[in-house]
Amino acid sequence: TPASVFDNSRDRYGFKKKSQHVSRADYEAWETQYEDHLTRRRRKWVRLLQECGLESEHPRMFPPKSSKTKRFIRKGIPPDWRGEAWWWYGGGPAMLAKNPGLYDQLVTKARNGRVSSTDEELIERDLNRTFPDNILFKPDRPLSSTGSDGQVDTETPLLKKLRRVLQATSIYNPKIGYCQSLNFLAGLLLLFMDEERAFWMLDIITKVYLPGTHEVNLEGANVDLGVLMTSVRESMPAVWAKIGGELDGSTQSKSTGAVEHTMRLPPITLCCTAWFMSCFIGTLPIETTLRVWDAFFYEGSKTLFRIALAVFKVGEPEIRAVTDPMEIFQTVQGIPRRLVDANALMEACFKRRNGFGHLTQETIEERRKERRRGYKDEREGREVRVEAIGARPRSKRGLGGLHVPGATKVFEGLKHRK
């Protein structure tokens with residue numbers, strides 16, 4: 001969307017420039033320099049597309065994967081090309097070709113009452129909570145028009161599309177149904193592409209890039225948080241000493257003194273859960289989030305781990321300076337929200353020395369496999385114990401399925417802080 005469509009209090013996508021963590025003055029100081037960066041990058045992208053014999057005015061096809069293309073992606077896709085590029089590199093064309101017309105069929109099913117009452121209720125609850133700071137979702141002045149049934153309609157066109165995408169997803173993927181955070185993922189996609197494409201890209205995110213992350217028991221989220229914590233422990237021991245404490249996935253047996261590995265996660269992972277489930281939406285400022293998504297669709301889910309590590313690295317001095325558990329929690333929550341300089345974060349992530357570009361997808365998949373095995377063993381052990389004492393197992397929906405000891409204490413502390 002061109003920047004001129006909205007007044008100067010909003011960015012080119014319709015979001016308010018000022019936020020709780022970034023002042024408008026700071027935003028505009030960064031924006032002035034960033035516009036020059038976008039102009040330079042667009043010129044380079046046009047040359048690259050022309051070298052590849054591709055349309056460079058309104059491209060719908062993009063260069064094959066190569067070290068040069070990867071470098072270009074990491075430096076940012078031109079904003080108005082993003083939807084096409086994400087679709088191309090994320091595997092959208094193949095998915096749509098295999099399932100022509102399916103989205104329309106799902107929308108019809110939803111209209112005919114095939115959405116479960118639970119999912120419908122959750123979707124309706126979250127619709128109006130989606131991007132309240134974006135004018136395309138929540139206008140400055142409420143819309144008001146009378147529909148064919150005589151009812152007053154106050155919803156924006158984008159909000160209606162979002163409802164259809166989420167309802168179709170809940171029918172098509174019953175393992176997930178509807179889960180909080182899908183509204184933000186689908187909402188962001190809808191800013192860059194039509195609803196059928198947004199539906200398929202949401203399907204690709206939840207099944208290919210982040211398998212299991214959005215399922216009811218959130219085991220996929222647990223798995224990825226465990227992989228992240230292992231990487232923090234290895235690459236930033238001083239940060240780990242602050243956020244991990246004794247909850248480093250291992251404990252010492254009181255009886256034998258031997259180290260016993262557990263699947264526990266430190267309380268800090270409660271504020272990192274959204275990093276994965278929402279792919280940094282609402283955590284990083286919007287342009288920084290979009291730059292992460294550029295790399296995410298091109299390089300895969302390793303991008304989220306690399307960026308999460310870069311956030312801890314950028315915030316390392318702040319994290320090391322605090323000792324109180326509640327302050328550490330608030331510090332880690334606050335660090336990414338101020339990272340408006342997208343170039344600086346991407347450079348911190350991918351620089352050759354002390355960067356995180358060396359973390360491969362293979363390493364992540366191997367560690368995911370280990371964590372899944374660990375949860376399976378733990379589940380089986382718990383079932384054996386439950387059978388032995390004749391007790392009923394705890395509900396999957398407990399604390400969002402997260403194994404986070406000490407969490408209640410942290411939240412109680414946060415509640416009583418001003």
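Predicted model: local features only at pLDDT ≥ 70, side-chain atom pairs only at ≥ 80, totals over all residues.

Student: Which helix is Phe184 in?

Tutor: Helix 8, residues 182-190.

Student: And is Phe184 buried, partly exposed or exposed?

Tutor: Partly exposed, because its relative accessibility is 23% and buried means under 20%.

Student: How far is Phe184 from Cys279, in sequence and in space?

Tutor: They are 95 residues apart in sequence. C-alpha to C-alpha, Phe184 and Cys279 are 9.3 Å apart.

Student: Switching to rings. How many aromatic pairs does the structure hold?

Tutor: It holds 24. Take Phe276 and Phe305: the ring centres are 4.9 Å apart and the planes make 55 degrees, so the pair is tilted.

Student: Where do Phe276 and Phe305 sit in the chain?

Tutor: Phe276 is in helix 12, residues 269-277. Phe305 is in helix 14, residues 302-314.

Student: Are Phe276 and Phe305 buried or exposed?

Tutor: Phe276 and Phe305 are both buried.

Student: Which residues form the aromatic cluster?

Tutor: One cluster is formed by Tyr13, Trp86, Phe192, Tyr209, Trp293, Phe296 and Phe297.

Student: What about charges over rings? Which ring does Lys65 lie over?

Tutor: Lys65 lies over the face of Tyr298, 4.9 Å from the ring centre. Arg233 has its charged end over the ring of Trp240, at 5.7 Å from the centre.

Student: On to helix 7. How many residues does it have, and what does it reach end to end?

Tutor: Helix 7 covers residues 157-172, which is 16 residues. From first C-alpha to last it reaches 23 Å, close to the 22 Å expected at 1.5 Å a residue.

Student: Which residues of helix 7 are buried?

Tutor: Among them are Leu158, Leu159, Leu162, Arg163, Val165 and Leu166. Gln167, Thr169 and Ser170 are buried too.

Student: What do the buried residues of helix 7 pack against?

Tutor: Helix 5 (102-111), helix 6 (117-127), helix 8 and helix 9 (195-209).

Notes. Residues numbered from 1 in each chain as written. Heavy atoms only, no water. Helix = DSSP H or I, 4+ residues; strand = E, 2+ residues; numbered from the N terminus. Buried < 20%, exposed > 50% of the residue type's maximum accessible area, 1.4 Å probe, protein only. Phe/Tyr/Trp six-rings, centres within 6.5 Å; stacked < 30°, edge-to-face > 60°. Lys NZ or Arg CZ within 6 Å of the ring centre and 35° of its normal. Expected span 1.5 Å × (residues − 1). Contact = heavy atoms within 4.5 Å.
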